[in-house]
Amino acid sequence: MLILSKIQSRRFRWRHSILRKSLFSSVVLCLMFALNGCESDSAASHVVSSKTRPPVDIVTWTAQRLVLADQVESVGTLVGNESVTITAKVTDQVTVIHFDDGQYVKAGDILIELTNAEQQAGLREAEANLLEAELQLARLKKLGNKIVTAQERDEASARVKAGQARLEVISVLIKDRLITAPFDGLLGFRQVSAGALVTPGTVITELDDIKQLKLDFAVPEVYLGNISVGSRVESTSPAWQDKVFSGQLVSIGSRIDVATRTFMARALIDNESSLLRPGMLMNITLSLAERPALVVPELAIVQTGKLSVVYVTETIDEQLKVKSVPVVLGKRVAGGVEIVSGLQPGDQVVVSGQLNVRPGTSVRVVDGYQSTNTTTASSTTQAEAKE
């Protein structure tokens, strides 16, 4: 009985061991099948998703060369095209004033009359003496050479010339007592009154020609090689912020200021509207020589650290994809930026949707869609470049 009991116990342990091993093997096989099934499903779903992912919608811009004009900004002061302080030439009393404050006058208009009674009397005396000398010369010429000597005729002729000279002197003295406008222009405030005694140097008023104004301004010396007479100048004034006054550069200073490293330039500004006045401060934009440049909208630039890149479309295996191109930026214009290197004319640059793509992403160019910002930037850039 003891032996039989041991045999049965061994048989039980052996069967239990076999059953346990079978169960373990079954569990392992189930786990392997499950894992393989999951991996197959994941791979299949990945393949399906990669094949069915739709292209990203983008808007592109054709890189092209435009004509740009570099600009220099400065400030300057207006000066009258012709400016003068009206003063008296002689010492005498003011009798008549012919102008008012701020009046526009023509060249030759009489502004002030000074007392000239003494000169008028001298003028009448000179005219009488000249008339007498002319009559005497005429009588001597009629008498002939047999009666009148050559010396007598010469003396009579000299008296006539002296009378003419005396008459001219008196006329100049009278003219000095008529103060006139030397050119067309706008008068300033009247500084004298009727009855006042004026002397040489006494200020009577100011006169400025404001139909055209000189605009003097400083330019950094680094632009000396790029600036030229005839360049376009546009200016604005704080007094007329909504108006632009145009002109052109007419002269360049002969010296460089050693303290500021700038040179002076002068432009002529049209002022037919008479809105500007001498002495006004003006904000100036000077256009330099024009040059061709490759320009794209600012929206196309993607900044990654210190590196500037743009996305450009390319066709690979009959699919439109994008690639990133590092670029070197140049001058900025309204809504756009110059590309110094990295792009070629004709490249299709992504200006909208670039944040949703990576190099190699399939894309689709949206027809008939234009971003408001892109349109504005592009139009402004091209308009300024063509101007």
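Two strands count as paired here if DSSP finds at least two bridges between them, and the strands themselves are DSSP runs (E, at least two residues; helices are H or I, at least four), numbered from the N terminus. With that in hand, let's walk through this predicted model, where local features need pLDDT of at least 70, side-chain atom pairs count only at pLDDT 80 or more, and totals for chains, interfaces and linings use all residues. Residues are numbered from 1 along each chain as its sequence is written, and side-chain values use heavy atoms, leaving out hydrogens and water.

Strand β9 (residues 203-220) pairs antiparallel with strand β12 (residues 262-270) through nine bridges. Across that pairing, D216 sits opposite R266. β9 also pairs with strand β2 (residues 64-87), again antiparallel, with eleven bridges. As background, strands of a sheet pair through backbone hydrogen bonds, either parallel or antiparallel.

Now for another sheet. Four strands make up an open, antiparallel sheet, in the order β6-β5-β3-β8. Because β6 (178-180) and β8 (197-198) are the edge strands, with a single partner each, one side of each has no neighbour in the sheet. Strand β3 (residues 92-97) is held to β8 by two antiparallel bridges, and Q93 has L197 as its bridge partner there.

Next, zoom in on a side chain. Where is T62? It is in strand β1 (residues 56-62). T62 is classed as partly exposed because its relative accessibility is 35%, in a scheme where buried means under 20% relative accessible area, exposed over 50%, and partly exposed in between (1.4 Å probe, protein chains only). T62 and P345 are 283 residues apart in sequence, yet their C-alpha atoms are 7.6 Å apart. Beyond its neighbours within four places in sequence, T62 contacts (heavy atoms within 4.5 Å) G346, D347 and Q348.

Last stop: T361, in the loop between β18 (348-352) and β19 (363-365). A polar atom of the T361 side chain lies 2.7 Å from the backbone oxygen of R358. Not counting residues up to four places away in sequence, T361 touches V56, L320, K321 and V322.

Note on methods
Polar contact = N/O pair within 3.5 Å; in protein donor to acceptor, adjacent residues only side chain to side chain.
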